[in-house]
Amino acid sequence: MEDMRRFETITQYNAFNNNETLHPLVSVVDLSKAAPRQGSRMYFGFYTIFLKDVKCGDMIYGRNTYDYQEGTLVFLAPGQVAGVNSKGETYQPKGYALVFHPDLIYGTALGKHIQDYTFFSYQSNEALHLSERERKIVLDCLLKIEYELERAIDKHSKRLIVSNIELLLDYCVRFYDRQFVTRDHVHHGILEKFESLLNEYFQSERPQMVGLPSVAYCADKLNLSPNYFGDMVKKETGKTAQEYIQSKLIDLAKERIFDTSKTVSQIAFELGFKYPQHFTRLFKQRVGYTPLEFRTLN
């Protein structure tokens with residue numbers, strides 16, 4: 001792929017795709033208007049949602065490649081880099097992109113909780129695959145935003161545009177919930193690997209060497225982004241990934257506390273705690289007793 005293209009503004013991205021700029025902070029980009037091109041890496045200084053209608057190569061996102069098909073939504077947060085690897089071939093882009101600058105949502109309800117839409121930090125291989133019905137809902141939201149952009153800007157414009165963006169994102173949360181359910185067999189396998197990963201970690205010397213396993217560490221070992229991994233674990237178990245790790249930790253601690261030849265400080269160190277008081281505090285929070293009280297009671 002050629003050198004990376006940088007898009008800091010909506011106007012720059014519209015110009016690249018031969019679309020008129022109707023609003024400086026938001027646009028529904030018709031990618032079919034773009035000139036045929038070869039793949040490239042692109043930096044986006046704004047939120048971007050791609051709805052791809054045709055296969056046009058491998059999506060490059062960070063260090064990962066994902067071969068995606070029709071009816072796929074890919075989400076990018078400001079500052080992220082993505083692109084298409086067309087393997088040197090020229091292709092005609094198709095589909096749509098909703099792009100909006102963070103400045104558009106400052107001071108709005110959406111601006112206050114945009115970080116709750118964790119799929120903006122998913123990898124492309126964790127993209128949202130739409131049913132035909134879901135795709136129609138997405139297109140309907142885009143049409144409403146486009147309708148507002150084509151009207152003369154008035155006092156209602158920003159609220160209606162932002163409200164429709166939020167509506168689209170809320171639908172995507174629902175669609176991801178559906179995808180978690182429909183891919184249950186895949187996720188069940190990931191949970192089994194997660195459990196095995198934790199078992200192997202605590203049976204090794206890694207806790208004493210590097211400390212407690214983090215969510216990011218586990219996600220990386222399972223080839224998932226931390227956000228997708230955390231959301232998947234939450235949907236499957238009702239616990240956050242951090243709570244799941246802590247539950248495993250407490251189960252191991254309970255077993256080791258019965259070995260009276262070891263002090264609580266030794267057990268804390270073996271499990272990866274740098275300070276014994278942190279172990280004692282977590283144990284008390286999760287069990288209701290300090291480690292010493294638990295040992296005495298049992």
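Which residues touch the most other members of the largest nonpolar core? They are Leu98, Phe120, Ile165, Phe194 and Phe229, in a core of 67 residues. A nonpolar core is here a set of buried Ala, Val, Leu, Ile, Met, Phe, Trp, Tyr and Cys residues joined through side-chain atoms within 4.5 Å. Buried means under 20% relative accessible area, exposed means over 50%, and partly exposed lies in between, with a 1.4 Å probe and protein chains only. The model is predicted, so that local features need pLDDT of at least 70 and side-chain atom pairs count only at pLDDT 80 or more, while totals for chains, interfaces and linings use all residues. Residues are numbered from 1 along each chain as its sequence is written, and side-chain values use heavy atoms, with hydrogens and water left out.

Helix H5 (residues 157–182) gives this core its largest share, nine residues. Helices (H or I, at least four residues) and strands (E, at least two) are DSSP runs, numbered from the N terminus. Phe194 has contacts with Cys218, Leu222, Phe229, Val233, Ala241, Tyr244 and Ile245, when residues up to four places away in sequence are not counted. Contact means heavy atoms within 4.5 Å.

Aromatic rings form a further theme. The whole structure holds 29 aromatic pairs. Rings of Phe, Tyr and Trp (its six-membered ring) pair if their centres lie within 6.5 Å; planes under 30 degrees apart count as stacked, over 60 as edge-to-face and the rest as tilted. In the pair Tyr117 and Phe119, the ring centres are 5.8 Å apart and the planes stand at 45 degrees, so this pair is tilted. Both Tyr117 and Phe119 are buried. Ring pairs also join these two residues with Tyr47, Phe75, Phe100, Phe120, Tyr122, Tyr176, Phe180 and Tyr228 in a cluster. Elsewhere, the charged end of Arg6 sits over the ring of Tyr43, at 3.9 Å from the ring centre. The rule for such a placement is that NZ of Lys or CZ of Arg is within 6 Å of the ring centre and within 35 degrees of the ring normal.

The cysteines form zero disulfides in a search of the whole structure, a disulfide being a pair of cysteine sulfur atoms within 2.5 Å. Cys141 is buried at 2% relative accessibility, and Cys172 is buried at 0%.

Charged side chains come next. Side chains of opposite charge can pair when their charged atoms come close. The count comes to nine salt bridges, each defined as a side-chain nitrogen of Lys or Arg within 4 Å of a carboxyl oxygen of Asp or Glu. Asp140 and Lys144 form one of them, with the closest N and O atoms 2.6 Å apart. These residues are four apart in helix H4, about one helical turn. Asp140 is partly exposed at 36% relative accessible area, and Lys144 is partly exposed at 36%.

Another salt bridge joins Lys248 and Glu195, at 2.9 Å from N to O. Lys248 belongs to helix H10 (residues 241–257) and Glu195 to helix H6 (residues 184–203), so this bridge ties together parts 53 residues apart in sequence. Lys248 is buried, with a relative accessible area of 14%, whereas Glu195 is partly exposed at 25%. Arg256 pairs with Glu270, the closest N and O atoms being 3.4 Å apart. Because Arg256 lies in helix H10 and Glu270 in helix H11 (residues 264–271), the pair ties together parts that are 14 residues apart in sequence. Salt bridges link Arg256, Lys262 and Glu270 in a network.

Glu134, in helix H4 (residues 132–150), is buried at 9% relative accessibility. Its contacts include His129, Phe175 and Arg178, not counting residues up to four places away in sequence.

Most residues other than glycine have a negative phi. Asn18 has a positive phi, near 60 degrees, and is found in the loop between helix H1 (10–16) and strand S2 (26–30). Asn223 also has a positive phi near 60 degrees, in the loop between helix H8 (215–221) and helix H9 (226–237). Asn18 is partly exposed at 44% relative accessible area, whereas Asn223 is exposed at 57%.
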